[in-house]
Amino acid sequence: MKQAIMDIGSNSMRVTVYEVDGTVFRILFKEKIMAGLAGYVENKKLSPEGIECAYTGLLEFREILESLNINHVAVFATASLRNIQNTAEAVSAIKARTGYDVGATRSLITA
């Protein structure tokens with residue numbers, strides 16, 4: 001089975017595709033976007049532009065994954081969304097635009 005992991009970081013966003021066979025994981029593909037989300041934090045909140053940058057990056061990754069027929073995706077965030085005061089707002093906007101639950105497994109088929 002092929003599985004993709006998307007990581008929303010403070011400076012970069014990454015997607016890695018794995019081939020999973022039992023307990024063996026093999027990396028098939030990696031891509032990185034320098035999003036610089038930390039630069040969009042104002043008064044301990046991620047600005048609307050920063051939120052847009054985050055979901056735009058995820059949408060770019062989704063296009064790649066769809067072209068590769070990767071249907072299983074997990075999306076996680078590090079301090080980029082954990083250490084702000086409007087985490088719920090940012091996560092909600094990301095879900096509304098992408099269908100992805102940050103921190104939860106999501107299938108592209110239902111996204």
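## Close-up views of strands, charges and a buried isoleucine

**View A. Lys95 is partly exposed, with a relative accessibility of 38%.** Everything in these views comes from a predicted model. Lys95 has a partner here: the side chains of Lys95 and Asp101 meet in a salt bridge, at 3.0 Å from N to O. Asp101 is partly exposed as well, because its relative accessible area of 24% falls between the 20% and 50% cut-offs. How many salt bridges does the count come to? The count comes to one.

**View B. A patch of negative charge sits on the surface.** Look for four glutamates gathered here: Glu31, Glu60, Glu63 and Glu66. Why does Glu31 count as partly exposed? Its relative accessibility is 33%, so it lies between the limits of 20% for buried and 50% for exposed.

**View C. Strands E1 and E2 pair in the antiparallel sense.** E1 covers residues 2-8 and E2 covers residues 12-21, and seven bridges hold the pairing between these two strands. To follow the chain from E1 to E2, trace the hairpin, which joins them through three residues. Two residues of E1 make handy landmarks. Gln3 stands opposite Tyr18 in E2, while Ala4 has Val17 of E2 as its bridge partner. As you step along, keep in mind that side chains in a regular strand alternate between the two faces of the sheet.

**View D. Strand E2 also runs antiparallel to E3.** Ten bridges join E2 to E3. Where does a positive phi turn up in the hairpin of E2 and E3? This hairpin has two residues between the strands, and Gly22 takes a positive phi near 65°. Further along the pairing, Arg14 stands opposite Lys32 in E3. Val15 has Glu31 of E3 as its bridge partner. You have met Glu31 already, as one of the residues in the negative patch.

**View E. Strand E1 pairs with strand E6 in the parallel sense.** Strand E6 takes in residues 72-77, and five bridges link it to E1.

**View F. Ile94 in helix H3 lies 5.3 Å from Tyr55, C-alpha to C-alpha.** Helix H3 spans residues 87-98, and Ile94 has its place there. In sequence, Ile94 and Tyr55 are 39 residues apart. Is Ile94 buried or exposed? Ile94 counts as buried because its relative accessibility is 0%, and buried means under 20%.

Terms used. Residues are numbered from 1 along each chain as its sequence is written. This is a predicted model: local features need pLDDT of at least 70, side-chain atom pairs count only at pLDDT 80 or more; totals for chains, interfaces and linings use all residues. Side-chain values use heavy atoms; hydrogens and water are left out. Patches are made of residues with over 30% relative accessible area and no salt bridge: like charges are joined within 9 Å, nonpolar side chains (Val, Leu, Ile, Met, Phe, Trp, Tyr) within 5 Å. Accessible areas come from the Shrake-Rupley method with a 1.4 Å probe; for residues, only the protein chains shown count as cover. Lys and Arg count as positive and Asp and Glu as negative; His and the chain ends are not counted. The place of a charge is taken as NZ of Lys, CZ of Arg, CG of Asp or CD of Glu. Buried means under 20% relative accessible area, exposed over 50%, partly exposed in between (1.4 Å probe, protein chains only). Two strands pair if DSSP finds at least two bridges between them. Helices (H or I, at least four residues) and strands (E, at least two) are DSSP runs, numbered from the N terminus.
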